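Let me put the model up, and then I'll walk you through a few parts of it.

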Amino acid sequence: MNTFSCTKFFPVSMLTVVAAYVTTPLAAQAQSQAPISKEEVAANFEGWKAALATKDPRTVASLFAPNAILEPTLSNQVRHTPAGVEAYFVNFLKLSPKPTINERHIEILDENTAIDAGIWTFDLVQDGKPTWVTARYSFVWEKIDGAWRIQMLHSSVMPEPIEARPAPLQN
């Protein structure tokens, strides 16, 4: 019977050092990685809302991951490049959008990824007149280098007519 012995080729102390080196970063990462909460994910929306208020397309686009996908509310074109995302917000921000969450469902997928989906209403100014649009939304948030980024945002106008403005979500 032929058996392989690591100690024949590496002294035991060397194996101990290698094992400690390989496992220590993983253990440290696991200990330093605090679990995320639904409140933390919900707070990402407030940051996004504040970025919209700047009316600066570059500021809004900076919240998206470099490989993000945007399926916007008021455009038929899917945006999948940083330039495309920014270009959408050039026109959208001219409408002075102010979003309000009406219904929300947050799911934590892992320590770096979460989904925030539901219904929101945008107050807009179109042709100088206030208006609003209610839509379904889905964010996929990913923590990249310690900062939350939008990996995917889908928003689509409700398919059926909305007679009355939906109430804001009560916290």
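So, in what sense do strand β4 and β5 pair, and over how many bridges? Strand β4, residues 129-144, pairs with β5 in the antiparallel sense, over 10 bridges. On terms: strands pair here if DSSP finds at least two bridges between them, and helices (H or I, at least four residues) and strands (E, at least two) are DSSP runs, numbered from the N terminus.

Before I go on, this is a predicted model: local features need pLDDT of at least 70, side-chain atom pairs count only at pLDDT 80 or more, and totals for chains, interfaces and linings use all residues. Residues are numbered from 1 along each chain as its sequence is written, and side-chain values use heavy atoms, with hydrogens and water left out.

pLDDT is the predictor's confidence in each residue, from 0 to 100. The protein's mean is 84, with 80% of residues at 70 or more. Residues 1-32 stay under 50, and the model has 5 contacts for them beyond four places in sequence; contact means heavy atoms within 4.5 Å.

Back to the strands. The hairpin of β4 and β5 has 2 residues between the strands, and Asp145 there takes a positive phi near 50°. β5, residues 147-157, is also joined to β1, residues 64-71, by 4 bridges, and those two run parallel. Look at Ile150 in β5: it is the bridge partner of Trp141 and also of Phe64.

Now find Thr73, in the loop between β1 and α5 (82-92). Is Thr73 buried or exposed? Buried, because its relative accessibility is 12%; the cut-offs are under 20% for buried, over 50% for exposed, partly exposed in between, with a 1.4 Å probe and protein chains only. Leaving aside neighbours within four places in sequence, Thr73 contacts Tyr88, Phe122, Ala135, Ser155 and Val157.

Last stop, helix α3, residues 38-53. Buried residues in α3 are Val41, Ala42, Asn44, Phe45, Trp48, Ala51 and Leu52. Down the axis of α3, these fall within an arc of 155°, so they line one face; the arc is that of the directions from the helix axis to the C-beta atoms. The face turned away from that buried side carries exposed Glu39 and Ala53. Just after α3, Lys55 takes a positive phi of about 60°.
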